Amino acid sequence: MLIAHSGDGADGRERGGPQVTRRALIGGVVGTGLLTMSSSVQNVAMADELSAGPDFRVGDHVAFRADAPHVYTRAQWNARSPRRPAKVLDRPPDRIIVHHTATANSKNRSLGHAFALSRFIQNFHMDKNGWDDTGQQLTISRGGIVMEGRNRSLKAVRAGDLAVGAQVLHHNDHTIGIENEGTYTKKRVPDPLWDSLVEVCVWLCQAYDLEPSEAIIGHRDYNNTACPGDVLYARLPKLRRSVAARLDGSPSSAGSPSTGGSPSPGGGAGGQGMPVFPPFDDFG
């Protein structure tokens, strides 16, 4: 959940203590496989133009894998221009914050739905919250589609830097945030989202030389919020272990356990048309 101060961006509080680090043990070039487009993207048909090869395709979109990361850019989901460029700090974050959007648990796994989600979040943050741009740096749809959020985020990750967001009150200047589509207070996390979340965390831990046991935390660990929901929060220990195992060279550990299951029925657009996203239910 994107609870943050109304001042947008860094809040001026530097985090003390030593930097959490880890020497990555598996290969991979951070930032490879990123595609850029200047045209507007509004539907699933664009997926055919975004292929990174048969090894990385799942359904109508390109899968995210830490050894060949594919993050759909702001240009691809047709982001608005931010009010001002994000502040970039020439140092890495020390924490990866896991959020949930607290929107409906949609059955729609399409690329078009994912892009519409990113536009909805940006509009909400800019028009309702009065922020400069999308608050979080990365967004993952329930179909496992990974997208850039705040402007300059991808370039910053590739450089080992931090594009400061607006996603954790008092802690935006040392954290990077991942929004996961859905509400996980009671419902299970769908497998495609979980698998991408593991891979994204592997990618970030490699890029920033982080130890997953220390770096990966939930929004509620810093702020008074239910985010990322009791179900997803309870799976963070599994997330840390899966990411650590991948860093140690055991790819099979990244898969979802049976508790991930199929997404449960309930709220959200089920077809391939433009989805309707209800308002976030908690911006305390």
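Me: How many of the six residues of strand 4 are buried?

Reply: In this predicted model, where local features need pLDDT of at least 70, side-chain atom pairs count only at pLDDT 80 or more, and totals for chains, interfaces and linings use all residues, six of the six residues of strand 4 are buried, so strand 4 is largely enclosed by the rest of the structure. Buried means under 20% relative accessible area, exposed over 50%, and partly exposed in between, with a 1.4 Å probe and protein chains only. Helices (H or I, at least four residues) and strands (E, at least two) are DSSP runs, numbered from the N terminus. Residues are numbered from 1 along each chain as its sequence is written, and side-chain values use heavy atoms, with hydrogens and water left out.

Me: Which way do the residues of strand 4 point?

Reply: R95, I97 and H99 point one way from strand 4, while I96, V98 and H100 point the other way, and all are buried.

Me: In what order do the strands of the open sheet stand?

Reply: Strands of a sheet pair through backbone hydrogen bonds, either parallel or antiparallel. Here two strands pair if DSSP finds at least two bridges between them, and the open sheet of five strands has the order 6-5-8-4-9, with mixed pairing. Strand 6 (146-148) and strand 9 (216-218) stand at the edges, each with a single partner strand, so one side of each is left without a neighbour in the sheet. On average, neighbouring strands of this sheet are turned by 30 degrees against each other, direction ignored; axes are lines fitted to C-alpha atoms, for helices over the stretch in contact, and angles run from 0 to 180 degrees between N-to-C directions.

Me: Which strands pair in the parallel sense, and over how many bridges?

Reply: Strand 4 and strand 8 pair in the parallel sense over six bridges, with I96 opposite I176 and V98 opposite I178. Strand 4 also pairs in the parallel sense with strand 9, over three bridges, and there V98 stands opposite G218. Strand 5 and strand 8 are parallel over three bridges, whereas strand 5 (residues 138-140) and strand 6 run antiparallel, joined by three bridges. I140 has bridge partners in two strands, namely N180 in strand 8 and V146 in strand 6.

Me: Which helix packs on the sheet?

Reply: Helix 3 (residues 191-208) packs on the sheet, touching strand 4 (95-100), strand 5, strand 6, strand 8 (175-180) and strand 9, and its direction makes about 170 degrees with that of strand 8. An α-helix has 3.6 residues a turn, so residues three or four places apart point the same way. Helix 3 has 18 residues and reaches 26 Å from its first C-alpha to its last, close to the 26 Å expected at 1.5 Å a residue, the expected span being 1.5 Å times one less than the number of residues. Of those 18 residues, 14 are buried, so helix 3 is largely enclosed by the rest of the structure.

Me: Which residues have the most contacts inside the largest nonpolar core?

Reply: In soluble globular proteins, nonpolar side chains tend to be buried together. A nonpolar core is a set of buried Ala, Val, Leu, Ile, Met, Phe, Trp, Tyr and Cys residues joined through side-chain atoms within 4.5 Å. The largest one has 36 residues, and those with the most contacts inside it are W203, L204 and L239. Its largest share, eleven residues, comes from helix 3. With contact meaning heavy atoms within 4.5 Å, L239 touches V98, W194, L197, V198, C201 and I216, not counting residues up to four places away in sequence. Apart from this core lies another, of eight residues, among them V62, F115, I145 and M147.

Me: How many disulfides does the structure hold?

Reply: A disulfide is a covalent bond between the sulfur atoms of two cysteines. The structure holds zero disulfides, counted as pairs of cysteine sulfur atoms within 2.5 Å. The sulfur of C205 is 6.4 Å from the closest cysteine sulfur, in C201, too far for a bond. C205 is buried, with a relative accessible area of 1%.
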